[in-house]
Amino acid sequence: MTIAQAIAPITSPFRADGIVTVADVLVRAEAELEGTAQRDTRSAFRCLVSKLGIDPETVPATPKALREILGPLTPGMLGVSGKRLANIRSLVTRAVERFGMARRVLIRDGCLTPDWEALLDRAEPQAYRYGLSRFARFCSAARVAPDTVDMETLRAFHEALEAECMVKHPQAVLKHTISHWNMQRRRVAGWPRIALSTPFARGFDTLPLKAFPESFQSEISSWADAMRHPDPLDPEAPVRTLREPTIKGYIVVFRRFASALVHRGVLPIREITGLAVFFEGDNVKAGLRHFLPEGGAKTTRYAHDMARKLSHIARHHLRLPADEMERIDAIVARLDPNLPRGMGKRHRDRLDQFDDPATVRRLLQFPADERDRALAMTSPIRRARGIERALAISVLIQTGLRIRNLRQLRLDRSVRRAGGRVYLEIADGETKTGMALTLELPSETTALLDAFTGLHRPLLPGSDSPFLFPGRTGGARSDNAMRAAVSEPLRRHAGIVINPHLYRHAIAKIVVERDPGMYVAISRRLGHRSLNTTLGSYLGTETRAASRQINRLLDRARSRPEIED
């Protein structure tokens, strides 16, 4: 979804009096500003309109609309420098504040009532007075006394922040207000004893494993060990070792299901002594109902997957009798949403950006651009980090590796050179699907690899580690650090919003839309055991490219209907 699509436009041709649009702001700016202020403001708005596809006639000139436009912007999205983007933000914000919808900003312009004035005078240190001043002015205007503040007050304050104030992150302001209030409550004598918390509803918290009885923890630990080292003589044991992520996924299900039983009041936590209690009486139904949409008439893929895992435990770990398994299997069957396996909407929406050839070009060119930015740096360490980022992004583009495999590439066993070529080799036990991978690197990635390992990597902390991308303490680079290294630079410099896994989808889309015959090659490159996985979960957006090809063929047939030999 684009920024322009995310903003709720004014669609009625009979606008209510007082509604001011971005176009109205531009008209007033042209009429009332002079000289460079007029020129620069006009230029700032034109840049936003042309680059983002915003219709100034339909976008209201309000703080909320302005936040939705300016909030996610990066220099790369507009093709401008960071300084130019800062100037655009400042000019547009100033113009909307001056010429946008006239309003009295209660949280800025209102006066404090005596009780709020007296309360803020006691704030320690006085810096907290400023931190709480917005909230105090709002409450004064709303006639809310300090000792009557509640959840509704916080919710209304947040709505006022969004509607009236130009702050970038209203929810962050609310969070800090709550934090400042609670700190004063603990420190200052006579402060209202009301403890504030977020007014926004959250899902229940999944309890940590250590919160449950020791017997429950012990059984899960024993089950995990059995899955890591299955007995080849046990017909009920798995045929092969379960991968660590799969085991962790099961343990999360155990924790979430047990937490749901506690949260819904089905069982006190002290009675969750083992996995068998999940299946006593109607416990399995009560727990699964927590993960269904409100009303329980519909199912979800997550609830079905959870039920399947529980059924697996009941059958192979607890070995429940056939009549019990029949009951559990019936629940699993009823929860099946019968949805085709496919790419999620979030990934589809994010892949839309790669419909633009300019975005594709920026993505594929990015490793070289990042290398050039790095080489221009004067600090050797920063230069080394820049080359590291360029290499990591190039490897992701050219190989589609998962982030775990990227982090764990090792110089001593993952990189092989033969016949003037360089290959990355991933053993079968290291991949999600259990398939070994041998991936040849193109010359430009090889050049980055040689430059990084030869000149730059030795300067980094932990470079005596065998990992290609070393962490500071000698192990592999941390998951969070690696994710940031391959995502944030593209957002900042190229305006591309991408996460490590989206690289796999993006490269599949780019290749197959240009050559539909590459389905099998892409499936192999991504390490899928089945072509159905590639077709169902990684592709699908290429149907638009197929539609364009069909349209071209139909246009050709219209002018030349004869079938060519």
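Which exposed residues does the face of helix 2 turned away from its buried side carry? The legends below lead to the answer.

This is a predicted model, in which local features need pLDDT of at least 70, side-chain atom pairs count only at pLDDT 80 or more, and totals for chains, interfaces and linings use all residues. Residues are numbered from 1 along each chain as its sequence is written, and side-chain values use heavy atoms, leaving out hydrogens and water.

View A. Helix 2 covers residues 22-32; helices (H or I, at least four residues) and strands (E, at least two) are DSSP runs, numbered from the N terminus. Val-22, Ala-23, Val-25 and Ala-29 are buried here (under 20% relative accessible area; exposed is over 50%, partly exposed in between, with a 1.4 Å probe and protein chains only). Down the helix 2 axis, these buried residues fall within an arc of 155°, so they line one face; the arc is that of the directions from the helix axis to the C-beta atoms. The face turned away carries the exposed residues Val-27 and Ala-31.

**View B. The neighbours of helix 2.** Helix 3 (35-52) and helix 6 (82-99) are what the buried residues of helix 2 pack against (contact means heavy atoms within 4.5 Å).

**View D. Strand 1 meets strand 2.** Four bridges join strand 1 to strand 2 (residues 421-426) in the antiparallel sense. Look for Arg-417, which stands opposite Val-422 in strand 2.

Terms used
Two strands pair if DSSP finds at least two bridges between them.
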